[in-house]
Amino acid sequence: MEILFNERSVLKTKPHPSELGFGKEFTDYMFIMNYEEGKDWFDPRIVPYEKIQIEPSAMVFHYAQADFEGMKAYKTTSGNINLFRPEMNMERLNQSNERICIPKFDGKFVLSAIKKLIEIEKDWIPEAPDTALYIRPFIIATDPFLGVRPSLTYQLMVILSPVGAYYKEGINPVSIYVETDYVRAVRGGVGNAKVAGNYAASIKAQMEAKAKGFAQVLWLDAVERKYVEEVGTMNIFFNIDGTIITPKLSGSILPGITRNSVITFLKDKGYTVEERKITIDEVFTASHEGKLKEVFGTGTAAVISPVGKLSYYNELIEINDNKIGETCKLIYDNITGIQNGTVEDKFNWIVTI
Ligand SMILES: *Cc1c(COP(=O)(O)O)cnc(C)c1O
């Protein structure tokens with residue numbers, strides 16, 4: 001399929017590098033492709049980023065048949081543009097599609113469209129250390145219809161947003177609230193898919209934790225309320241006496257690409273990494289015994305986010321004196337180094353545009 005390019009006459013003013021935030025500004029162009037039953041995915045095009053026309057009755061607004069991905073393009077010091085394991089994002093979006101009955105697309109084709117879009121928008125990729133161009137592919141159900149069934153029409157879009165360094169004042173550990181009332185996801189539900197509804201469902205817990213002075217919540221399993229699942233929108237890892245433990249993918253945990261990369265990287269460095277069930281009691285007991293060395297979240301936005309404090313019911317524990325730990329630092333330096341082209345890509349994770 002040929003990708004049509006509809007050029008705009010006037011380009012936007014790019015944000016000043018010092019003013020970059022996260023997800024606030026969007027580039028000049030976007031990618032769009034449509035789906036209709038009987039026609040498959042069709043009409044791929046790169047068009048000016050602008051408002052889209054959609055009926056108020058479009059199914060996405062009523063039944064949340066929508067899913068998305070988050071990835072980044074990095075500019076290297078030698079001027080290359082790097083993507084980090086982008087084929088995994090395409091695969092995961094198709095897995096999300098499968099779960100909420102959205103027709104699958106050709107991952108190779110959409111990745112080629114994303115590359116083309118980024119090539120056109122390369123001047124939007126910020127160059128300062130730890131900045132990137134955030135890439136947001138997403139799909140929405142567009143049938144003008146009320147009633148719960150799969151839509152017969154969809155729109156796949158990719159928008160781009162230049163993002164600043166996640167850690168402007170160096171990596172600072174965050175305080176986390178272990179959530180005991182609300183749950184994020186249940187096995188058999190949609191927690192292992194990047195579907196829009198998951199995030200709407202999580203906001204209330206996040207707001208309540210914020211009001212109590214915490215940056216995010218740590219989610220426990222929805223059934224027994226004792227196994228650790230994720231932290232906010234990141235996967236979670238524990239360093240207990242030198243062993244790295246992360247909850248195993250149980251069906252209610254999002255299979256993070258950063259999670260997978262961190263596991264591979266640490267095993268290669270000689271660490272023992274265990275993917276298994278871990279209770280919040282085990283974490284607090286390890287802390288009491290002086291064995292809880294590090295806790296950190298992983299995800300595309302921050303790469304890694306050290307946890308300095310954990311609150312569970314009436315107890316607040318401090319981890320590593322509320323400072324970034326050794327393993328955290330090793331991971332951050334190496335994964336961002338691979339992304340920026342300053343560390344050898346020995347796992348073949350980089351796709352250069
Ligand atoms: C996106 C996401 C992650 C992290 O996935 P990455 O592929 O590493 O960015 C973890 N948990 C949730 C709930 C997410 O939505």
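The points below concern the ligand site, salt bridges, cysteines and surface of a predicted model.

1. Ligand surroundings. The ligand is surrounded by 14 residues, and the closest are K194, Y199, E230, T258 and T300. For T258 the distance is 2.6 Å, for K194 an N or O atom of the side chain lies 2.7 Å away, and for R92 the separation is 2.8 Å. Of the 380 Å² that the ligand exposes when taken alone, the protein buries 96%.

2. R92 and E69. Besides its polar atom 2.8 Å from a ligand oxygen, R92 forms a salt bridge with E69, with an N to O distance of 2.7 Å. The two residues are 23 positions apart: R92 belongs to helix α2 (residues 86–99), and E69 sits in the loop between β4 (66–68) and β5 (71–75). R92 counts as buried because its relative accessibility, 7%, is under 20%. E69 is likewise buried, with a relative accessible area of 0%.

3. D268 and K346. The model holds 15 salt bridges, and one of them joins D268 to K346, whose closest N and O atoms are 2.8 Å apart. D268 is in helix α5 (residues 257–268) and K346 in the loop between α7 (326–340) and β18 (350–352), so this pair ties together parts separated by 78 residues in sequence. D268 is partly exposed, at 38% relative accessible area.

4. A salt-bridge network. E274, R276 and E282 are linked through salt bridges into a network. Within this group, R276 pairs with E274, the closest N and O atoms lying 2.8 Å apart. R276 is partly exposed at 25% relative accessibility, and E274 is partly exposed at 28%.

5. Q155 and N34. Q155 is part of strand β8 (residues 153–163). Its side chain makes a polar contact of 3.1 Å with the side chain of N34. With a relative accessibility of 13%, Q155 is classed as buried.

6. Cysteines. The number of disulfides is zero, the cut-off being sulfur atoms within 2.5 Å.

7. Nonpolar surface patch. Y63, L146 and V148 make up a nonpolar patch on the surface, and their accessible area together is about 330 Å². Y63 lies in helix α1 (residues 59–63) and is partly exposed, at 33% relative accessibility.

Notes. Residues are numbered from 1 along each chain as its sequence is written. This is a predicted model: local features need pLDDT of at least 70, side-chain atom pairs count only at pLDDT 80 or more; totals for chains, interfaces and linings use all residues. Side-chain values use heavy atoms; hydrogens and water are left out. Patches are made of residues with over 30% relative accessible area and no salt bridge: like charges are joined within 9 Å, nonpolar side chains (Val, Leu, Ile, Met, Phe, Trp, Tyr) within 5 Å. Accessible areas come from the Shrake-Rupley method with a 1.4 Å probe; for residues, only the protein chains shown count as cover. A salt bridge is a side-chain nitrogen of Lys or Arg within 4 Å of a carboxyl oxygen of Asp or Glu. Helices (H or I, at least four residues) and strands (E, at least two) are DSSP runs, numbered from the N terminus. Buried means under 20% relative accessible area, exposed over 50%, partly exposed in between (1.4 Å probe, protein chains only). A residue is near a molecule or strand if one of its heavy atoms lies within 4 Å of it. A polar contact is a pair of N or O atoms within 3.5 Å; within protein, one must be able to donate a hydrogen and the other to accept it, and residues adjacent in sequence count only if both atoms are side-chain atoms.
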